[in-house]
Amino acid sequence: MSTKANDLGNTGGSRQRRDKLLSVQHQVQKLWEENRIYEADADPSREKYMITFPYPYMNGRLHLGHAFTLTKADFQARFQRMNNKNVLFPFGFHCTGMPICASADKLKMELNSTNLVGNGKEKEETNQVQLKSKVAAKTGGAKSQSEILKAMGIPEEEISKFTDPVYWTEYFPPLAQKDLKDFGTAVDWRRSFITTDINPYYDAFVKWQFRTLKFKKDKIRYGLRPAVFSRIENQPCADHDRSSGEGVGPQEYTLIKLKALSLPENIEKLVGGRNVFFVTATLRPETMYGQTNCWILPTGEYELILAFDYPICKSLETSDGVLRKIYESKEEALADCNTVFVCSKRSAYNMAYQGIVPLVNENSLIQGKNVDSLPEVISFSKMSGEDLIGIPLLPPNAYYSKIYTLPMFSISMDKGTGVVSSVPSDSPDDYAAWNDIKTKPGIREKYNIKQEWLLDLVPIIDTPELGTLAGETVYLKYKIQSQNDSAKLKQAKEEVYKKGFYDGVMISGDFKGMKVSDIKEKAKQKLISDKNALIYLEPENTVISRTGEFCIIALCKQWYLEYGEEKWRKDVYNWVNDEKSFETFYPQVRTSFLEVINWLKEWACSRSYGLGTYLPWDTENNQKVLIESLSDSTIYMAYYTICHFFHSDFEGRSKGLLDIPIEYVNDDLFDYVFCLKDEPSEDLVKNIGRGQLDIMRQEFKCFYPLDCRVSGKDLIFNHLTMCLYNHAAIWENKKDFWPKSFYCNGHLMIDSMKMSKSTGNWITLEDGINEYSADACRIALADAGDMIDDANFCRDTANSAIMRLYSLIQSAQFYVENKEKLRGGSQEISNSELNNFLKENPNALNALNQADQIFTSEVIRLTNETFNSYKNFAYRDALKYALFEFQLRRDQYRLLCDSNDLFLNTNILKLFIETQIKILAPIAPHTCEYIWRDILGNESFIVNVKWPDFNDNSIKDFKFSLSHSKMLNLLIKSIEDFRKSMDKWVSNKKGGATSTGGGKPKATSATIYVSNEYQDWQIEGLDQVQKMIDEEGSLPKDYISRLRKTPVIEKMDKNMLKNVLSFISLKASEYKENDSAFSKTLPFNEFELFSTQSHFISKSLGLQQIQVKHTKQDCSEITADKLSQVIPSRPMIVFV
């Protein structure tokens, strides 16, 4: 589907140029494919480089967010090729997991639904949660699955085919491959596949991996554990199964039971004499000794939920391994349970799947997978929070035997149970709400609060600096006015909780005299053993599955990888922490990895629904259990090295280079090929042949380990860390096969806005290419940003890139058409313009030769800067040097050559063009390849040429020198300063000079004053500051105050001191861009530079004549004061 031009921002004026670039890219891609340019085979004679990108999920088209991260890998792959490395960049497609099946089932339900209206659109279900997800962003808020598919550009007649999950795996991967080819990715497409058991070879690989982890490495366990859970799918909802909430895990609370001592008559009738408990979820069970009341949100919606008298046994056998009890009727549940909880309904569902409250299945007749068809908690009634205020409760462990429910206005019903325990002595939030009720009669009157309900504070913890009533202390310290001061309360709470936990000492209750940090767990266990509390879990933050439901935490039996096991954790931690072994490019990325390695624990690797590979061993009740999507994608980079020997298509249906039947692909094969055993079995040799086995083994040994994996930063918290863990397990004693580096980037915005179709800035890769061309897109993505901060794709940059690329083509064409007539060409003598110019300007040849030297030196310098930028994955800088600054230098060179293209040196111009397209080729390969082959006439491919080494005989007389850069910078900066001086001169001039037609005075000539030496007092200041720089490595921030204290400067009089400090401040501003600013001499003769380039300067300023004078010459025409202002690198101009 194409997006309209107006949507993407391309204007009609650039369409011809854009179309030229599109034509070029199609032509070049065809050549690459015909010549199999990017296919890489084992070659022991060359250094290898293997780079990968996490395979994208195949439930839609690729977009610019994918492309942004992909370019980090593609640019590097191309750069490494130019360094004569044997580069492997493979690419696969991820189909494992729940999302495809969930979407297919949703579509099937829509198409089969009896609720279709006449126009064919599905009737909106009022109780369905509106999905706020990645898909919603992609599709502009489309709600039904058929609408989502239509928004992706799927023809209506095709939509019914998507009810089959397998069709998704057949439809989207070829489109993704086409988009990636059109984008110019340097991929070896022989090494591509889709995941899941659809591809039997990949399926065998994953099964080998898991059998190895379980039976040989003892890394997989089975048992009851908490997991983020989808009720609709009845299985854990892993990160890649979520539309929002990726990385969110379970949060454990202590569920405190506060028994109601008496109840309003209406509630008493509803519950039928059962015990009623207000349940609060707390992270601070040790503070329950200080309870003074219980908080309720007056506007909150609470429910009276039937609960088990005691949680069901964790060893209870269930058919699906989920800890819950489902009754067939409400009456059965009521007969078994004599307890009622007051809480939010949301929290009740978490409790139900943790064996705390029962479920009843009274919706079994409802068809399809949706919330309505699921078993429900049993609610006696909904209650307004306001109706629950003033109920007396029995607080466990508290000083008071009776407390009351009171109103609090800052409670979130999306966290905990909606009921909150109150310990105002040690909680700023509690104290603020308690104080509001105490000091504000309006609150007491509105909710009929009696004086005796508001109990005095109870000191329970002595916290250094905060005393025994820390909540009150920080309330006063931060000048908090009420419970609505959320920012101040957050700050206050952090201080109290941190100091209280680490330094606080209990002064009340069972653990009196002990540190809080020592007794926190003991206090929790005491509450539980006394049957006054339970363990309760819920997601740390909101998690929404791809079916659109809010997920819960369930206790369920699962197969899980034992991440965090001490030796395993330590091995991975030490690997990442060793900068020589493992590169992260940015320190904060390494820090993030180390933090994740320390907190990542048991990870559920199984589920019951979706696409994928099934666990390769017997399970409970002989259920077929799928491997979770993040768990089967941790070492597949190794599979890339050999997959082309197995199959030649995505699905593994067509045989590969070695024509190996699937029945011979077993654990023994993978163990041998992946160097986990020295010799293959006799049967393996018999079935496949030793020669073919050794070919695969050598291919793996050639390209492994993985040199770099490029990914978005969000995968640090799961996939990338798991990738490290699994390599460390499979190749435990072979660290030579562990990954060598991970590069992580931020997310991509479009024109400084989050990508979303609803805001009109969702750009698929296909649309981006069609609108701007592949190379213009690649330039805009390179310019978008590096590091882990979020980047910004600017459509204006993409549009301007079209013009820049077209200009490169035109410049190359000009060179080819005129190279013999240019200066230094074989037909230079026929260049009449050049010859006349040299005759009229005796000094011109020297000036042109100097321009050649300066420009050549700049070409070499910028090439080196570009090299270092690519090497460090700093692509924005690489683009700056290779495109923007290269073009700027070309324009400056032209200016130095009298603004005449025909005055350029043919050898230097050839050097410039060839060098630029070589170093720009990783970013804009199509345009550069076209110029290299079609315009310059080379037979080789630019993507295969080596990085420029500048050994061309035509420039043997030129060499790189930093002084040339400084000469150019001084010349350009001085002209800018001269223009400002001229504007000032014109505005101050009142007559006496030649005037323009409008009467405005105009300078006709000028004198430039230069100096090669500083004055003595300036040298003294420079010496002192240079000493500071030599001692500290850079200019210290307090250089002025330190300079004042030096003996030499202290002796100066007031006027001299003022001059020195002013002068040094001036040099300090230069130091930011020129680290030799405090040098006492320039690396070149400034007088000679300005004398040689006087014609260029006069033409740039529109003057008829310029004279250059040295300050040591007779300069009596200007005052000594003015002359003293002339210093090295700061010439002065005087107009006439």
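Among contacts (heavy atoms within 4.5 Å) between residues at least 6 apart in sequence, 77% join residues at least 24 apart in the protein chain. The model is predicted: local features need pLDDT of at least 70 and side-chain atom pairs count only at pLDDT 80 or more, whereas totals for chains, interfaces and linings use all residues. Residues are numbered from 1 along each chain as its sequence is written, and side-chain values use heavy atoms, with hydrogens and water left out.

The protein chain contains 40 helices and 33 strands, taken as DSSP runs of H or I over at least four residues and of E over at least two, numbered from the N terminus. Along the principal axes, its C-alpha atoms fill a box of roughly 115 × 85 × 65 Å.

## Burial and surface

Of the 1136 residues, 58% count as buried, meaning under 20% relative accessible area with a 1.4 Å probe and protein chains only.

## Annotated domain

The unreviewed UniProt entry annotates "domain: Aminoacyl-tRNA synthetase class Ia" over residues 28-108 and 167-792; such annotations may be inferred rather than shown by experiment. Residues 28-108 are 43% helix and 10% strand, with end C-alpha atoms 43 Å apart.

Strand S28 (residues 748-750) runs antiparallel to S29 and is joined to S29 by two bridges. Ile-750 has Met-753 in S29 as its bridge partner.

Methods. Buried < 20%, exposed > 50% of the residue type's maximum accessible area, 1.4 Å probe, protein only. Pairing = 2+ DSSP bridges.
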